[in-house]
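Biologist: Hey, this one is new to me. Can you walk me through it?
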Amino acid sequence: MDAYDEGSNARHGPVTPRRPAPPAQRGAPADSAEPDVHPGPEPEPIASDVPPGPPEPDVPPGPEPEPIAALAPPEPIAALAPPEPIAALAPPEPIAALVPPEPYPPGEPRTGIAALSPRYQVGVALALAVVAIGVCVHIGMTFLHVAPPNTVTREHGTAVDDWIYPEFEQNWKLFAPNPLQQNISIQVRAGVRGPDGMTLTTGWYDLSAEDGRAIDGNLLPSHTQQNELRRAWDFFVATHDSENRPVGLRGALSESYLRRITVLRLDRDDAVRAATGSSGVIERVQVRSRTSNVPPPEWSREKVSTTPSYRELPWWRVPQDEARGGMR
């Protein structure tokens with residue numbers, strides 16, 4: 001019986017659409033289509049209104065199939081935005097003009113030579129100039145002394161020698177083809193006048209041996225310990241003959257130079273002070289050299305005498321200004 005038939009048994013109430021027909025019933029004729037109505041609660045079927053038919057199998061309830069959503073139209077593709085214009089390169093900042101720095105920042109105190117008054121700055125500049133000139137002159141004199149003979153040395157050789165000798169003499173024997181093969185030691189003894197007026201002669205003191213002990217094991221020995229006494233003796237021998245007579249004007253200079261060194265050494269020697277009671281005065285000194293040949297190596301067939309030879313100089317009287325430890 002149709003639900004829309006007019007009869008006493010027709011159900012009256014708000015008309016609601018039915019559920020979508022299952023796929024098997026979608027092919028129903030067009031007259032069976034129901035008009036579209038507003039959705040509302042679906043009426044429950046009445047048993048008397050359902051047409052008879054074959055019994056439906058018991059099917060366990062399952063989830064209702066969801067209605068297939070209509071495919072939404074694709075969204076329009078957004079138009080590509082035009083690329084942003086590249087910012088124009090900013091021109092480089094102008095370089096600040098180089099301004100010469102101020103000699104001294106304001107408020108900062110000056111130090112060094114700049115802190116002096118202009119008069120003292122001039123004095124310091126003159127002193128530095130004098131020192132620089134002296135250094136240049138010394139280097140030039142040393143060069144002329146070691147250089148081969150030339151026009152300058154033949155004309156001004158005396159001035160060069162006066163500047164160099166005896167303190168700045170240069171010795172190149174180390175590079176000679178035949179190096180020294182002798183050991184030369186300088187020894188000295190003194191005549192000391194005691195407080196009672198008696199003169200006492202000391203024994204021989206080996207000054208070269210004292211220098212050797214000071215150099216042995218010393219990583220930085222002084223120039224005085226290494227060369228002062230040795231060069232003084234070489235200077236004396238070069239300006240004296242075999243009879244110990246001076247040759248030329250430099251002979252007297254070398255004699256006074258050697259004498260001053262020995263007097264200074266004796267005045268500082270503890271043994272001499274102990275022998276004279278630290279109150280004696282050195283009146284005279286005598287110097288001698290002890291020369292012995294260096295023995296050849298064991299593999300050499302050379303035969304040399306190892307007996308030492310001595311060269312004694314005459315007694316030298318010590319002036320008053322040198323008697324108390326050398327020049328004052």
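Predicted model: local features only at pLDDT ≥ 70, side-chain atom pairs only at ≥ 80, totals over all residues.

Biologist: OK, which residues form a nonpolar patch on the surface here?
Modeller: I113, L116, Y120 and L128 do, and together they have about 400 Å² of accessible area. L116 sits in the segment before α1.

Biologist: Is L116 buried, exposed or partly exposed?
Modeller: Partly exposed, because its relative accessibility is 36%.

Biologist: And T142, what about that one?
Modeller: T142 belongs to helix α1, residues 118-146. It counts as buried because its relative accessibility is 17%, and buried means under 20%. Leaving out residues up to four places away in sequence, T142 touches I164 and Q170.

Biologist: Switching to strands: what does β1 pair with?
Modeller: Strand β1 (residues 182-193) runs antiparallel to β4 (residues 281-293), with 12 bridges; Q182 has N293 as its bridge partner there. β1 also pairs antiparallel with β2 (residues 199-201) over 3 bridges, where G191 faces T201. With β3 (residues 205-206) there are 2 antiparallel bridges, and V188 is opposite Y205.

Biologist: How many residues lie between the strands in the β1 and β2 hairpin?
Modeller: 5, and G197 takes a positive phi near 90° in that hairpin.

Biologist: Where is confidence lowest and highest among the elements?
Modeller: Helix α6 (residues 270-276) is lowest, at a mean pLDDT of 66, and strand β5 (residues 309-312) is highest, at 95. Separately, pLDDT is below 50 over residues 27-35.

Definitions and conventions. Residues numbered from 1 in each chain as written. Heavy atoms only, no water. pLDDT = per-residue confidence, 0-100. Helix = DSSP H or I, 4+ residues; strand = E, 2+ residues; numbered from the N terminus. Contact = heavy atoms within 4.5 Å. Buried < 20%, exposed > 50% of the residue type's maximum accessible area, 1.4 Å probe, protein only. Patch = residues over 30% accessible without salt bridge, like charges linked within 9 Å, V, L, I, M, F, W, Y side chains within 5 Å. Areas by Shrake-Rupley, 256 points an atom, 1.4 Å probe, with all protein chains shown as cover. Salt bridge = Lys/Arg side-chain N within 4 Å of Asp/Glu carboxyl O. Pairing = 2+ DSSP bridges.
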